[in-house]
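Please open the model in your viewer and keep the selection panel at hand.

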Amino acid sequence: MTETFEKVEDIEIRLLLEALYHRYHYDFRSYAMSSIRRRLRQAREQLGFATISAMQERVLHHPEMLDDMLRFLTVQVSEMFRDPSYFAAIREKVVPHLRTYPSLKIWIAGCSSGEELYSFVILFREEGLEERTLFYATDINPEALAQAEAGIYDIERVRLFTENHRDSGGKGSLSDYYTTGYNRCILDKSLRRNVVFSDHSLVTDQVFGEMQLVSCRNVMIYFDRDLQDRAVGLFRDTLPRNGFLGLGSKETLRFSTHADGFREFVRDEKIYQRIGS
Amino acid sequence: MKDNPNGAIIIGASAGALEALSVLLPPLPATYPYPIFVVVHLPPNKRSVLAAIFDLKCQLRAIEAEDKEPVQAGFIYFAPPNYHLSLEGRTHVALSSEEEVLFSRPSIDVAFESAADAWGSQLTAILLTGANHDGANGLSVVVRSGGTAIIQDPTEAYAKAMPEAAIRACPDARIMTLAEISTYLQNIQ
């Protein structure tokens, strides 16, 4: 009886994801099921629906509910200079290579509310590379992109950001880059001078240019294996030989069909370098 | 080695975990027929040495899981610090950096619930010592899905709060001492 009940829920989830795709072109159908299941259970409870099917009926007929759904389905947990050792490795090991290019394009794929993007812009400014760099910050969630573009964060988070920045080998003080007011930390708008914000889906969209560095951390962990392969394939296509790919600390290309297109550049920090054609 | 084992063991622990796991895991033979998942609360921004320690102590291979790690019998998979561990069907481990649950990431509740989704009645979930209430909800999902729920006897636990909360949430769970759990694990081969 219990087993039957579980399966019904999985059918409901599949149908809801189909509805979101066909009605709104948001494609979560190849996301990792364990996480989608958990978040849809949360959404059902918190939005007060008896079943996931009931939630599907509502979102299908009421576009204003889409934002609620996206809030549950896209994960927005980030911090500036998250995993300081990753940014230290970018600074010490990757930047010397990037200096040899007259102009640079950097892609923060799945930028969410912008913390990772601004970390890169600040690091590049400190290293004297900002002027020659174009930063692409992409996400599928319009609310998150708007937050990224605003660059305003809760003041309570700034202490952590500051510690991370220092631990990553930051050269100035993080406070050089923001002002405060109304319990908010407002990032200097000059940090957005060379940033292009764009709606882009790793599920359905294509590459849009050659990049010297792609940072995509803790984004693909929400994808199933096949979708991970698609996304890594995009990065493989967008990176020239010797281009860099940075992943989250517990992500790996070990299980990817594209593993042969990369070598481990800084192993412990999951920074890969494109090899071959 | 079977790629799709018929059952699985999942263990959650917090304060006092190292000592308790040191009783349970080392006696298990290299031919143990189930995968074992272990979720221990850890400080978020430090590398963990748990998997390395138990890889030395145990006859089974112990590793810290990476995202989409294939599930194999005879392996012990530790949840890494600052990530939730869940099961993607019976074939892969999935990690996520979703928000903390009960101030914990990894969360025992999250891991237990997803393991119950994957293995149903073929899951054995064991909740050990700990000083908070994580695991109680997850263990009740295991019971509802027909799995076996075991709680360490709080009278001998290093920290009693976690097993006590689980006993309140899951009156049907079996309460055992570490020595009894150890024997149980060796006998279900």
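Which are the buried residues of helix 7 of chain A? Select helix 7, residues 142–150 of chain A, in this predicted model. Its buried residues are Ala144(A), Leu145(A) and Ala148(A). Viewed down the axis of helix 7 of chain A, these buried residues fall within an arc of 100 degrees, so they line one face of the helix. An α-helix has 3.6 residues a turn, so residues three or four places apart point the same way.

Next, display what this face packs against: helix 6 (115–126), strand 2 and strand 6 of chain A. Helix 7 of chain A lies across strand 2 (133–139) and strand 6, and runs at about 170 degrees to strand 6 of chain A. Just after helix 7 of chain A, select Gly151(A), which takes a positive phi of about 65 degrees.

**The sheet of chain A**

Now show the strands of chain A. An open sheet is formed by 7 strands in the order 6-2-1-7-8-10-9, with mixed pairing. Strand 6 (195–199) and strand 9 (262–266) of chain A stand at the edges with a single partner strand each, so one side of each has no neighbour in the sheet. On average, neighbouring strands of this sheet are turned by 20 degrees against each other, direction ignored.

Within this sheet, select strand 1 (residues 104–109) and strand 7 (residues 213–215) of chain A, which run parallel and are joined by 3 bridges. Ile108(A) stands opposite Ser215(A) of strand 7 of chain A.

**The sheet of chain B**

Move to chain B and show its strands. Here 7 strands form an open sheet in the order 3-4-2-1-7-8-9, and the pairing is parallel. At the edges stand strand 3 (61–64) and strand 9 (174–176) of chain B, each with a single partner strand, so one side of each is left without a neighbour in the sheet. From one strand to the next, the twist averages 20 degrees.

Select strand 1 (residues 8–13) of chain B: 6 of its 6 residues are buried. Ala8(B), Ile10(B) and Gly12(B) point one way from this strand, whereas Ile9(B), Ile11(B) and Ala13(B) point the other way. In a regular strand the side chains alternate between the two faces of the sheet.

Which strands pair with strand 1 of chain B? Strand 7 (residues 123–127) of chain B pairs with strand 1 in the parallel sense over 5 bridges, and strand 2 (residues 36–40) of chain B is likewise parallel to strand 1 and joined to it by 5 bridges. Centre the view on Ile9(B): opposite this residue stand Thr124(B) in strand 7 and, as its bridge partner in strand 2, Ile36(B).

Proceed to strand 8 (residues 148–152) of chain B, which is parallel to strand 9 and joined to it by 3 bridges. Ile151(B) stands opposite Ile175(B) of strand 9. Helix 5 (residues 161–169) of chain B lies across strand 7, strand 8 and strand 9, running at about 140 degrees to strand 8 of chain B.

**Where the chains meet**

Finally, show both chains together. The contact takes 20 residues from chain A and 21 residues from chain B. On the side of chain B that touches chain A, strand 5 (84–88), strand 6 (92–96) and helix 3 (108–119) of chain B each give two or more residues. The residues of this side of chain B comprise 8 charged, 7 polar and 6 nonpolar.

Terms used
Residues numbered from 1 in each chain as written. Chains lettered and ligands numbered in written order. Predicted model: local features only at pLDDT ≥ 70, side-chain atom pairs only at ≥ 80, totals over all residues. Contact = placed C-beta atoms within 7 Å. Helix = DSSP H or I, 4+ residues; strand = E, 2+ residues; numbered from the N terminus. Nonpolar A, V, L, I, M, F, W, Y, C, P; charged D, E, K, R; others polar. Pairing = 2+ DSSP bridges. Axes fitted to C-alpha atoms, helices over the stretch in contact; angles between N-to-C directions. Buried ≥ 20, exposed ≤ 12 C-beta atoms within 10 Å, placed from the backbone. Arc of directions from axis to C-beta.
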